Amino acid sequence: MPKDLFEVKKPGLLTTIQDDGRTGYQQYGIVAAGAMDSFSMKIANFLVGNSGDEGVLEVTVMGPKFDVLSDAVIAICGGNLSPTVNGKKVAMWKSFEVKEGDKLQFGQPVEGSRAYISVAGGFDVPVVMGSKSTYLKAGIGGFEGRALEKGDVLRRADTMEGKSGRALHYDEIPSYEKEMEIRVVMGPHEQAFTDNALETFLSSAYEVSPKSDRMGYRVTGPQLEHKTSADIISEAIPLGGIQVPANGEPIILMSDRQTTGGYTRIATVIASDIPSLAQAMPGCKIRFKKVSVEEAQEIYERHDRFTRTLEKVSG
Amino acid sequence: MKLDYHPLGDTGIQLVFGSEITEETNQKIRMFADYLTDHPIDGVVEWVPAYTTLTIYYLPTKLSYGSLRKKLEEISEKQQGREAESASLVYIIPTYYGGEDLPFVAEHNGRTEEEVIESHSGKDYLIYMMGFVPGFPYLGGMPEEIATPRRENPRAAIAPGSVGIAGSQTGIYPLQSPGGWQIIGRTPVKLYDPESESPILLESGHYLRFVSITKEEYKEIEEAIERGEYVVETEEKKVGITS
């Protein structure tokens, strides 16, 4: 029987259930969604003994306040949004036990912008089209297809005990800098841009705009000029695709991007750098660095080996 | 058939089948996608057909860009000169043409409402791709004689099933959403039902035909759908395209 776990006293800015996203339905126009920072999501799951792609709570900048309704093992990973239990600071990247009657609350954002809360056994929400991820615009998945609201009661699946005190080695804990290098594979529409635009893109600093959300990160900086047109015949758009509309300002496509789009794309952020980008706050400075597909895939393999090792250790 | 290949980061590859929107290009994309369905490649996660491209997402731990590209080139060669293995389907969409903007569309084009209905229904529209919102079909083939610009004041909420015209495009709203299309009718058929085992009715590369029904028939079908007793009619269609 699922058990009541959290009662929402304050929902926070945007708190949703997310997992690894919805795959297999993009050809029908269904957005992938999923955790913005999939690395932190996976680690949070491993630390409590879940499989890596179990649904977790994604907390955005200003976190929620929960009353704990039953004892459980949880972990909080990702951005440091000052989590406390009964007013006392709790360690991140480490599983711990919460007790009935505890108050779990977030404070000021210190570093990064998204935190992930996992619970041993996972949150008890329906799997819709193969995923627990919330896709807000279509009201699919997660907790009733929406962000948490005051008064909601979240339940957990009562299938496992979980272990507290498991931590990620401090050497492996990512730090979220105010300036970051984001690696990209160029294309597919490089030929739509002037040589000057291509050079500007790779040599300038871009600033994350406050108009950034789960759909996309807008960045401001030197404008990128097209040779003739900014429009293309609509085609599939990938996670991390950097589209440049006619105004010359890049938008990096994130988890809730539409499945298809009609703007030229200058490059694609490599999968391994999406998690750090997902933690970038408005005002962060980004520099794009070109890598080859082969290099990107070597980096991918390395990251994958690391998470698989952790999975083995935790499983 | 020579395709262009582009990497989309480290987890995607885009196949370009042509530079213009044509029925033939789209059918080649459908044939290629059908082949992938029938002959799965380990490591391929999913794919998204569009007007002139097919985008394939994959796991770099199972497939490198180079090895996947090679496999796709081989498939492309095999596909050459082949006819479609499966016929296209035509989804029959019963539509009650009583939309609020039907009089405007008629007036704008100097036609009667009956002429607009006759022009819009009874023909097969190719579903070039799906996107925009879950289950929305991008349809090709609407007669220019009923083309009408979008509304100057978009509506805040358009009911699911609404059939509309925007410029020379026509489409159906799968779920309630804001929009500026000229609404000429409505179908009781659900294009999108998240609770269903197959949540999306339509598939790109196939066809769709609007069939005019009365208000009473609309009610009957709507009730049959609620009872779970309605099955959307389909017809097979020979396309006769070789790649």
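With 20 C-beta neighbours inside 10 Å, B:F132 counts as buried (buried means 20 or more other C-beta atoms within 10 Å of a residue's own, exposed means 12 or fewer, partly exposed lies in between, and C-beta atoms are placed from the backbone). B:F132 sits in the loop between β6 and β7 (137–140) of chain B, and its phi is near 70 degrees, a positive value in a residue other than glycine.

A word on the model itself: it is predicted, with local features needing pLDDT of at least 70 and side-chain atom pairs counting only at pLDDT 80 or more, while totals for chains, interfaces and linings use all residues. Residues are numbered from 1 along each chain as its sequence is written, with chains lettered from A and ligands numbered from 1 in the order in which they are written.

Chain A also has backbone points worth a visit. A:M129 lies in the loop between β10 and β11 (153–156) of chain A, and this residue is buried, with 21 other C-beta atoms within 10 Å.

| Residue | Phi |
|---|---|
| A:M129 | near 50 degrees |
| B:F132 | near 70 degrees |
| B:G81 | near 75 degrees |

Helices (H or I, at least four residues) and strands (E, at least two) are DSSP runs, numbered from the N terminus. The 15 residues of α2(B), 65–79, should span 21 Å at 1.5 Å a residue, and the end C-alpha atoms are 21 Å apart, which agrees (the expected span is 1.5 Å times one less than the number of residues). B:Y65, B:L68 and B:L72 are its buried residues. They cover an arc of only 70 degrees around the axis, so they lie on the same side of α2(B); the arc is that of the directions from the helix axis to the C-beta atoms. On the face turned away from that buried side are the exposed B:G66, B:K70, B:E74, B:E77 and B:K78. The cover over the buried residues includes α4 (293–314) of chain A, along with β1 (4–8), β2 (12–16) and β4 (53–58) of chain B.

How do the chains meet? In total, 36 residues of chain B are in contact with 34 residues of chain A, contact meaning C-beta atoms, placed from the backbone, within 7 Å. On the chain B side, β3(B) gives the most, with five residues.

Turning to chain A as a whole, four helices and 20 strands make up its elements, and 51% of its 315 residues count as buried. Its C-alpha atoms fill a box of roughly 60 × 40 × 35 Å along the principal axes. The largest nonpolar core has 145 residues, and A:I74 is among those with the most contacts inside it (such a core is a set of buried Ala, Val, Leu, Ile, Met, Phe, Trp, Tyr and Cys residues joined through C-beta atoms within 7 Å). Beyond four places in sequence, the contacts of A:I74 include A:V48, A:F96 and A:V119. A:V119 belongs to strand β10 (residues 111–119) of chain A and is buried, with 30 C-beta neighbours inside 10 Å.

Technical notes:
Two residues are in contact if their C-beta atoms, placed from the backbone, lie within 7 Å.
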